[in-house]
Amino acid sequence: MTSLQRRLWEAVEPLHAVVYFAPETAAAAKAVGLPSWWMGYFAGRVAPLGPLTEPPATAMLFGFAPRMVARSLPDAWKYAEPPVVLRSRMDAVEAALTRILPADVALEELADLLEQAVTGCDHAARPLAAAWSSVARPDGPAGRVWLAATVLREHRGDGHVLSAVAAGLRGLDTTLTHIGSGAVTREVIQINRGWSDDEWDESVARLTERGLLDGGSHLTDAGIALRQRIEDETDRLATGPIDALGEDGAAEVLRLALPLSRQVFDAGAIPLPNPMGAPRP
């Protein structure tokens, strides 16, 4: 049975993930002077943390090849300072959600509930969630929904990194177990994370030696068990927002968010499959 924590992620993640695919976001990054889409991605993702260099950004983002991050950070800050990147990104995604979602949808109730869920986030050892939680709340409901959804997904994501590292996995190793679970494919993820074929083969060999892969892309029984432990631990570490909402509040978030997230997919605003492994809920 799918946990309530994961159901909440599936319901809310698309409302955040619009930022990665919306033309408004790409146009905003270009408008502030960032010369490439990936520079806009990395600068926008870590902007609340200030002018980061590659090593801390790679450590937090976890699944990316260091050299891919290094092509964007810290050079991005020569073109636009973090507050400028942050403001332009938030304005852009608010415009994107306003365009994508039905004109008659009332987002205030969902915004209130997601902000209530955020109060349950423990930010210890969760730098991305902590940083995004410090961002000033937007005035408009679409912006409020996006920011709260962002804090929640980075809170869960930081917890997932903690779980994977505790299991002895590196970033690429974790990605390969994700592929082995069937959530994403190599074709989708490798180009979007910047790993070379040699690095990929080294990770396969490492996981095969541990008995987690069968020498290819498939998880062994031990790999399936480890992946499940990581997902279970990720869920456990994402319990705070559920506690803050209560069961009735969580059910109301699902009721309000699910049709909106389905609309995001149905409008073509997020592709299937996608690098996040997010399903159409």
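Select P35 first. P35 is exposed, at 56% relative accessible area; exposed means over 50%, buried under 20%, and partly exposed in between, with a 1.4 Å probe and protein chains only. P35 sits in the loop between α2 and α3 (37–46).

A word on the source. This is a predicted model, where local features need pLDDT of at least 70, side-chain atom pairs need 80 or more, and totals for chains, interfaces and linings use all residues. Numbering starts from 1 along each chain as its sequence is written, and side-chain values use heavy atoms, without hydrogens or water.

Select L34. Leaving out residues up to four places away in sequence, L34 touches A29, M39, G40, A43, A76, Y79, A80 and V85. Contact here means heavy atoms within 4.5 Å.

With L34, they touch the most other members of the largest nonpolar core, which has 92 residues. Such a core is a set of buried Ala, Val, Leu, Ile, Met, Phe, Trp, Tyr and Cys residues joined through side-chain atoms within 4.5 Å. Colour helix α15 (residues 239–266): it gives the most to this core, with 11 residues. Helices are DSSP runs of H or I, at least four residues, numbered from the N terminus.

**Next: α2 against α7**

Show residues 23–31 (α2) and 82–100 (α7). How do the two helices pack? Their angle is about 155°, and their axes are 8 Å apart. Axes are lines fitted to C-alpha atoms over the stretch in contact, and angles run from 0 to 180 degrees between N-to-C directions. So α2 and α7 are roughly antiparallel; the cut-off for that is over 145 degrees, while under 35 is roughly parallel, 65 to 115 roughly perpendicular and the rest oblique.

Show the side chains. From α2 come P23, E24, T25 and A28; from α7 come S88, R89, A92, A95, A96 and R99. The contact residues divide into five nonpolar, two polar and three charged.

Select residues 141–166 (α10) and 221–237 (α14). They pack at about 140°, with axes 8 Å apart. That angle makes α10 oblique to α14. Among the contact residues are H155 and R156 of α10, and R227 and I230 of α14.

Conventions. Nonpolar A, V, L, I, M, F, W, Y, C, P; charged D, E, K, R; others polar.
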